[in-house]
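Hi,

Here is the structure I promised to pass on. My notes follow below it.

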Amino acid sequence: MSETTNTAAPAAPAPATGGGANNEIRYLTPISIETTKEKYCRFKKFGIKYIDYKDADFLLRFVNEQGKILPRRLTGTSQKYQKKVSQAVKRSRHLALMPYVADMMK
Amino acid sequence: MTNRYETVFILTPVLSEDQTKETVTKFKDLVKKGRGKIRHEESWGMRKLAYPIQKKSSGFYHLIEFDGDPAFIDKLETEYRRDERVIRFLTVAMDKHHIEFAEKRRDRRSGAADGAAEAGDKPARAPRRKKENVDNA
């Protein structure tokens, strides 16, 4: 943190404070440092063995606003269940329970 | 050799109630004739489609779960394709997890139906939930 303040300080806050020893950047609100929550596969965790294609509301969690299937890098689903999720979403789309293409789904 | 299958079909919304019933019984009879044993059936009624199919924006959904011969599926699907009243269909072979899930779901559905009949607060809560959810529950 200290390195970044030192390099950034002369550029931005120096004119405002008029220079001097106190050229540290201060934030009014504490900056939120992204803490990456541990991802987990919800199917493994809760012991869900079968993913229903008829439950479009549940499958909505695995697609983005455009109706595209989210990658498992984002949802944390394991490989085994990602396959089943994608299969279920595709079946659901076929039966017009979910759209193939959408805009502002959520 | 038999497998458990689940088949869902969507009928056009232009049919009258009697015609819809007739079509449903036609396919049920077809399953029975094909030496299939109907385990469960569900009518989801008229639902809005997520996207238009054959320029129709709604359809009548019906689900049949049955034990049957794999060779029969071809006949069933040919019949679906021939019938103009069917706008979409899906047949899935069920694995053991799917069967287990379907049985649980059946219990839940029958339980939910009883609960709705008894409890007065159910209708008040229902509109807030999403449409699909209401139909499924």
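How many salt bridges does the structure hold over all chains? The count is 17, a salt bridge being a side-chain nitrogen of Lys or Arg within 4 Å of a carboxyl oxygen of Asp or Glu. One caution: this is a predicted model, where local features need pLDDT of at least 70, side-chain atom pairs count only at pLDDT 80 or more, and totals for chains, interfaces and linings use all residues. Residues are numbered from 1 along each chain as its sequence is written, chains are lettered from A and ligands numbered from 1 in the order written, and side-chain values use heavy atoms, without hydrogens and water.

**Between the chains**

Two salt bridges link chain B and chain A. In one salt bridge, the side chains of Lys54(A) and Glu6(B) meet at 3.0 Å, N to O.

Contact (heavy atoms within 4.5 Å) involves 24 residues of chain B and 18 residues of chain A. The area buried between chain B and chain A is about 1900 Å². That is accessible area (1.4 Å probe) lost on putting the two parts together, summed over both. Carbon and sulfur atoms give 61% of it. In chain B, Tyr51(B), Leu90(B) and His97(B) lose the most area to chain A. Together they give 26% of what that side buries.

**Within chain B**

Helices here are DSSP runs (H or I, at least four residues), numbered from the N terminus. Helix α1 (residues 17-33) and helix α2 (residues 70-82) of chain B pack at about 160 degrees, with axes 10 Å apart.

Best wishes

Methods. Axes fitted to C-alpha atoms, helices over the stretch in contact; angles between N-to-C directions. Helix = DSSP H or I, 4+ residues; strand = E, 2+ residues; numbered from the N terminus.
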